[in-house]
Amino acid sequence: MTCQEFWDSMPELAPDGAPELGEHLRGCPACVAVLARQRQVAAGLRGLAAESRRVQAPARLEGRLMAAFRGEGGMTEIPLRARWWSPVAAWVAAAALITAAALLSLRSREAQPLPATAPQMAAVDWTFGLAIEDAGGGTEEGEFIALPNAEQLPPPAQVNMVRVELPRSAMISLGYDVKAEEAGEMVEADIVLGSDGLARAVRFLN
Amino acid sequence: MAEHDRESDDELLLRLHSGDEQAFAALYRRRQAAIYRYALNMSGSAAVAEDVLQEVFMVLIREGCGYDPERGALSAYLFGIARKLLLRHFERIRGNVPIDDEDAGSVMLELAVDGNQLSDLARSEGIAALRRAVQALPRRYREVVVLCDLEELDYADAAHALGCPVGTVRSRLHRARALLLEKMQGEAGPRRAGALNPIRCSI
């Protein structure tokens with residue numbers, strides 16, 4: 001058996017001590033070494049799996065699903081979390097509107113260039129590699145929430161923050177519960193825009 | 001031990017469809033974490049993972065959800081639904097990049113791990129590096145690692161979830177392990193060898 005044939009047999013997926021592996025390994029120290037490293041990776045994956053076991057879905061989801069189950073006959077009326085596959089496009093459109101609104105100075109303040117690597121920044125979401133300076137405006141400001149499409153965008157070299165007004169219904173796609181009678185109300189929000197003009201994150205005020 | 005702890009998934013599903021709320025709760029609690037983690041590992045987004053998990057169980061609530069116990073385990077069926085939802089998500093946000101685009105994650109792969117981290121795999125730093133390497137795998141390889149190595153599905157269930165033969169699961173896992181080893185050893189250069197096109201030149 002050549003080394004190529006040995007690896008074509010996918011020995012790293014075979015159980016330890018599988019007899020068919022022994023013959024080649026006895027005469028090939030190089031494959032022994034590679035297989036040992038493969039088993040280190042496999043052990044690392046088991047460690048990663050064990051560590052990941054702590055990750056659970058948010059508890060709120062069970063409540064929503066139980067409510068859906070009880071009201072199965074009228075599913076469309078159940079206040080489930082809004083789907084991300086349709087609001088993504090809505091957020092892109094909203095970001096464009098927000099940018100336009102900011103440019104028109106409709107209740108906006110001057111854009112504040114914030115270096116993405118500045119110290120004393122609060123992380124928004126590690127998956128985006130994006131960091132936002134905490135404006136320190138007091139307890140009424142919540143945490144930044146990454147927008148649904150942000151993870152697909154490249155990390156911006158520089159970010160700007162603009163304060164805008166949005167209909168409260170925009171909060172639904174981020175998982176907030178919004179009463180139907182309040183959906184049309186306006187709420188203030190800070191939007192983080194990349195240097196490409198695309199929105200990355202939002203936080204709602206009060 | 002509660003009664004539903006002794007029941008199989010299929011028994012719980014049967015009771016669920018007859019309106020038994022406790023059966024639904026038991027099935028959800030049994031399966032939610034794995035589906036959530038799978039969606040989280042594949043999407044990198046907690047929001048997407050939450051929505052995928054929600055929709056998976058909404059499908060299950062509906063009558064005639066399409067589950068056939070003859071074709072595979074319920075858990076594999078649930079992973080399969082989650083995968084379809086994730087594919088829909090990826091297609092919408094990336095302009096229909098298919099899941100089997102082998103090079104989709106190669107750039108991320110190059111950025112995932114610096115230096116030789118293989119000897120650190122017994123420590124948390126090594127595990128963190130391995131996690132980054134997994135998340136940077138091209139999607140077709142990442143999903144088999146997540147299903148088979150992290151969620152410990154057997155190859156048959158993984159094949160059912162992915163809608164492919166068992167042999168394909170094994171070969172993808174084989175390739176994925178090789179990519180992970182390459183990355184954890186820090187042997188990969190700034191570009192993969194396969195990405196280089198030799199040209200003829202004269203001096």
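Me: Where do the axes of helix 3 and helix 8 of chain B come within 10 Å, and at what angle do they cross?

Reply: Axes are lines fitted to C-alpha atoms, for helices over the stretch in contact, and angles run from 0 to 180 degrees between N-to-C directions. Helices are DSSP runs of H or I with at least four residues, strands are runs of E with at least two, and both are numbered from the N terminus. In this predicted model, the axes of helix 3 of chain B and helix 8 (residues 139–150) of chain B cross at roughly 150° and come within 10 Å. Helix 3 of chain B is therefore roughly antiparallel to helix 8 of chain B; angles under 35 degrees count as roughly parallel, over 145 as roughly antiparallel, 65 to 115 as roughly perpendicular and the rest as oblique.

Me: Is the crossing of helix 3 of chain B with helix 8 of chain B left-handed or right-handed, and which residues make the contact?

Reply: A crossing is left-handed if the near helix is turned anticlockwise from the far one by less than a right angle, and right-handed if clockwise. Here helix 3 of chain B passes helix 8 of chain B in a right-handed crossing. Two residues are in contact if their C-beta atoms, placed from the backbone, lie within 7 Å. Helix 3 of chain B contributes B:Y38, B:N41 and B:M42, while helix 8 of chain B contributes B:R142, B:E143, B:V146, B:L147 and B:L150. These residues comprise five nonpolar, one polar and two charged; Ala, Val, Leu, Ile, Met, Phe, Trp, Tyr, Cys and Pro count as nonpolar, Asp, Glu, Lys and Arg as charged, and the others, Gly among them, as polar.

Me: Which residues touch the most other members of the largest nonpolar core?

Reply: A nonpolar core is a set of buried Ala, Val, Leu, Ile, Met, Phe, Trp, Tyr and Cys residues joined through C-beta atoms within 7 Å. A residue is buried if 20 or more other C-beta atoms lie within 10 Å of its own, exposed if 12 or fewer, and partly exposed in between, with C-beta atoms placed from the backbone. The largest core has 66 residues, of which B:I35, B:A39, B:L53, B:A82 and B:V145 touch the most other members. Its largest share, twelve residues, comes from helix 3 (residues 21–43) of chain B. A second, separate core of 20 residues includes A:V164, A:A170, A:I191 and A:V202.

Me: Is B:Q54 buried or exposed?

Reply: B:Q54 counts as buried because it has 21 C-beta neighbours inside 10 Å. B:Q54 lies in helix 4 (residues 46–61) of chain B.

Me: How many residues does each chain give to the contact between chain A and chain B?

Reply: Chain A gives 40 residues and chain B gives 41 residues. On the side of chain A, the largest share, twelve residues, comes from helix 3 of chain A. That side divides into 20 nonpolar, ten polar and ten charged residues.

Me: How do helix 4 of chain A and helix 3 of chain B pack?

Reply: Their axes are 11 Å apart, at an angle of about 150°. Helix 4 of chain A and helix 3 of chain B are therefore roughly antiparallel to each other.

Me: What conventions apply to the numbering and to the model?

Reply: Residues are numbered from 1 along each chain as its sequence is written, and chains are lettered from A and ligands numbered from 1 in the order in which they are written. Because this is a predicted model, local features need pLDDT of at least 70 and side-chain atom pairs count only at pLDDT 80 or more, whereas totals for chains, interfaces and linings use all residues.
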